[in-house]
Amino acid sequence: MGSQGGFGNSKEFLDLVKSIGEARSKAEEDRIVLHEIETLKRRIVEPDIPKRKMKEFIIRLVYVEMLGHDASFGYIHAVKMTHDDSLLLKRTGYLAVTLFLNEDHDLIILIVNTIQKDLKSDNYLVVCAALNAVCKLINEETIPAVLPQVVELLGHSKEAVRKKAIMALHRFYQRSPSSVTHLVSNFRKKLCDNDPGVMGATLCPLFDLIAVDANSYKDLVISFVSILKQVAERRLPKTYDYHQMPAPFIQIRLLKILALLGSGDRQASENMYTVVGDIFRKCDSTSNIGNAVLYECICCVSSIYPNPKLLEAAADVISRFLKSDSHNLKYMGIDALSRLIKISPEIAEQHQLAVIDCLEDPDDTLKRKTFELLYRMTKSSNVEVIVDRMIDYMISINDNHYKTEIASRCVELAEQFAPSNHWFIQTMNKVFEHAGDLVNIKVADNLMRLIAEGFGEDDDTADCQLRSSAVESYLRIIGEPKLPSAFLQVICWVLGEYGTAGGKYSASYITGKLCDVAEAHSSNDTVKAYAVTALMKVYAFEIAAGRKVDMLPECQSLIEELSASHSTDLQQRAYELQAVVTLDAHAVEIIMPSDASCEDIEVDKNLSFLDSYVERSLEQGAQPYIPENERSGMINISNFRSQDQHDTSTHTLRFEAYELPKTSAPPRISPVSLAPSTELVPVPEPSYPVETHHVASVPSVSDTGSTELRLRLDGVQKKWGRPTYSSPASSSSDSTSHKAVNGVTQSDVSSTSTSRTRDSSYDSRSAQAEISSEKKKLAASLFGGPSKTEKRPSSTSHKVARSTSPAVEKSQGPKAVASSTTGVVSEKAAPLQPPPDLLDLGEPTVTSSAPSVDPFKQLEGLLDPTQATSAANHGAVDNTKAADIMSMYSEFPTSGQSSVIANPVPTNAGDANLIPGLSTTNKTGHAKGPNPRDALEKDALVRQMGVTPMSQNPNLFKDLLG
């Protein structure tokens, strides 16, 4: 495939290679490649392409892929070429698929069978090509398919096949270690192969196995030493020499293996000393590959059990590296020295100056490697020089990542090897000043702890000198701009604790500096908090010492500003400062003791100081505390909320109504408040249709006539609408009661005013009610004016009324009179029923239509109490008289609805108080007739005769008996 026009190279291919090489820009190259892709897409699918031409197309696809473009349209043609019988085409196909595909590609399955066949080929070149593909393309799932054939090839007669088989098994181990664990013995055998190439290939999988478990291969130390000795003595063929070094890469691999086997093992290491020493003496240091072998020898010496002679030889080599003019050799010398000082620190001392000289080198990589070495070489005797150098280098660089690393190392060295606390404080000041916020906040805590604890001895004078020097240094630094936040926190804390301790600086001077810090960093709440606390300490120490406190104007303005701050922490500190200033010396000394920052604070987690208070409260009758996990029978509101969420997510549409929350109105309603409160309607949600409903009358628990147990729903959350809870006090006032007089069931006014009709239509359930208009329409329908009302869908109350009807029929007998329980008429009237026979006084029937309003039942209380009582005592009139009166009503139309039998329940005794309210309300209604009161009296008289009119107009009988 050379450019000389050899076999298989057409002029088009040569022109493509030439044009790509002569392209002057990436854009021009891309244009050439894209044009080539279009050409290949068109020509590679042509029928009857010669094999020689297809091979050229595949090679041109390889060029396209190598230049970063997609040639996936030709992958299948490369796979097909691996099936060809021609050796040249097969090797070209294998080369292409190893470059095109990865181990997880979908086309891998198409070449597994071909690989299996080629691994059994008699032509070792075909076998080698298949083994190359195995190393590249076989994944963990397809390893079992080819593993037996690869193992068989370990005994092949050709050394190239055996070497590639070892390489394939090594690849299998890297992909799936468990698949070749049973083949370790084969690696051991091939270590003694006659061919150095096979032996060298075996070292790679053995190195990986020894790195995992070195103890299992200790018996191979003698073999490895023997091989290394033979290689060093040049017993291998000359073909393995590289720059006149005998098999240097085999030597490097063997030295790595010996370093693993001899680590911490003296006996194994003693077998290595001789051969490693020979390499030190015989190795050529004039070439790079010779220096690489020497560097690997130093690494081996630093890993095995120490030997003085080998350490000296390694030190000499390191010295030559460091004195070299080559940056690469200096870098190797620095790295080798950092390994060697772990074993023999005294070796590094003689090279300290050479290492420091490396810091002056302009090569930044060499500088960084040198600082890593300095970090490992540091002791208490050289810490000052090394840390100063590191700080200077930290100032000169702009890389924040490496600056952070250098700062952390400076801090660590200063904390570990500081010759004096004064030097430590000065060093930390430099680090904070130049590294800024890159320094870890823990460093600031350690610095404050060191200043507070001092030298840790009983020498108070030395501690005072330390703190005074810190105060002086911070007062000099505090005026500099752009100080980091962590450093300012340290400064404020030190000035607050020890600013006035020595008497050298006055309280006004220190507080002025602290106020300047707070004003200069107004956007940093943490710094201001430290400054305010420091001010409080200074003033507290002054008050405790008996000196007069004169707060500076700038301090007063600062405190006033912070008292109105949005930060509650700053507000709290400002108020505490104002409170401390007003206390006496004894109180201040107790709450703010001097130099007590290092004292341990004992925290009583059990709050035992409250035991006496708890015992005293229990004796006085207080309830004992019950842990939350031991409480039972208590309502948890969160349970209701979680239940609501669960119900909402489980049921998208509900058909059963819920009880309305009961109002907290008293049983006896005043006349003024009755009219607007005759209907209790919940406030509708803006986005949900509200279903208004009433439950059938339930007698109060206090009623003597009730012995039935009923479910109490007091405190239960309403399911729809806004979350609310009914109060127990409202349950009795909203319940309705009934009173039976002379066999005729009469319900009180309260029961009638809180009920309404139910629409049987399912479509009416989606309508929303308007509270204000609903009340007006309800009032109009109750007091004589025709009104069009909104439909109020409900189902529960209607079902309750129907369920109670049979019991009522049994108790009332055939002469029971229907009583109305609801008072709202729907917009769309229900289908009209046939008019009932007014003279039919037989058993009343219960229909499914909504109950109509009984005006006599509602307006009976409008009479005076004496009249209502006397009317109730007269009893029912005889049947003939009722029939004559009923004949007088034959000219009037009847309503299309019949009544439902009322529930005979005893009536509360206080219903007479409702009469004035109803009378007052009726005067404002739409009454008909010249005199509404006379008409009402006539209606009541007709009612006493036992007549039940079927119309909703209470003034229908205005001319009757008058």
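Reply: What follows covers the core, the ring pairs and the charges over rings.
Reply: The model is predicted, with pLDDT of at least 70 needed for local features and 80 or more for side-chain atom pairs, while totals for chains, interfaces and linings use all residues. Residues are numbered from 1 along each chain as its sequence is written, and side-chain values use heavy atoms, leaving out hydrogens and water.

Me: How many residues are in the largest nonpolar core?
Reply: There are 204, and Ile-115, Phe-172, Phe-224, Phe-280 and Tyr-474 have the most contacts inside it. Such a core is a set of buried Ala, Val, Leu, Ile, Met, Phe, Trp, Tyr and Cys residues joined through side-chain atoms within 4.5 Å; buried means under 20% relative accessible area, exposed over 50%, partly exposed in between (1.4 Å probe, protein chains only).

Me: How many aromatic pairs are there?
Reply: Nine. Rings of Phe, Tyr and Trp (its six-membered ring) pair if their centres lie within 6.5 Å; planes under 30 degrees apart are stacked, over 60 edge-to-face, the rest tilted. Phe-13 and Tyr-63 make an edge-to-face pair, 5.7 Å centre to centre with 80° between the planes.

Me: Is Phe-13 buried or exposed?
Reply: Phe-13 is buried, because its relative accessibility is 4%. Tyr-63 is at 28%, so Tyr-63 counts as partly exposed.

Me: New topic: what lies over the face of Tyr-124?
Reply: Lys-158, at 5.0 Å from the ring centre. The criterion is NZ of Lys or CZ of Arg within 6 Å of the ring centre and within 35 degrees of the ring normal. Arg-253 lies over the face of Phe-207, at 5.1 Å.
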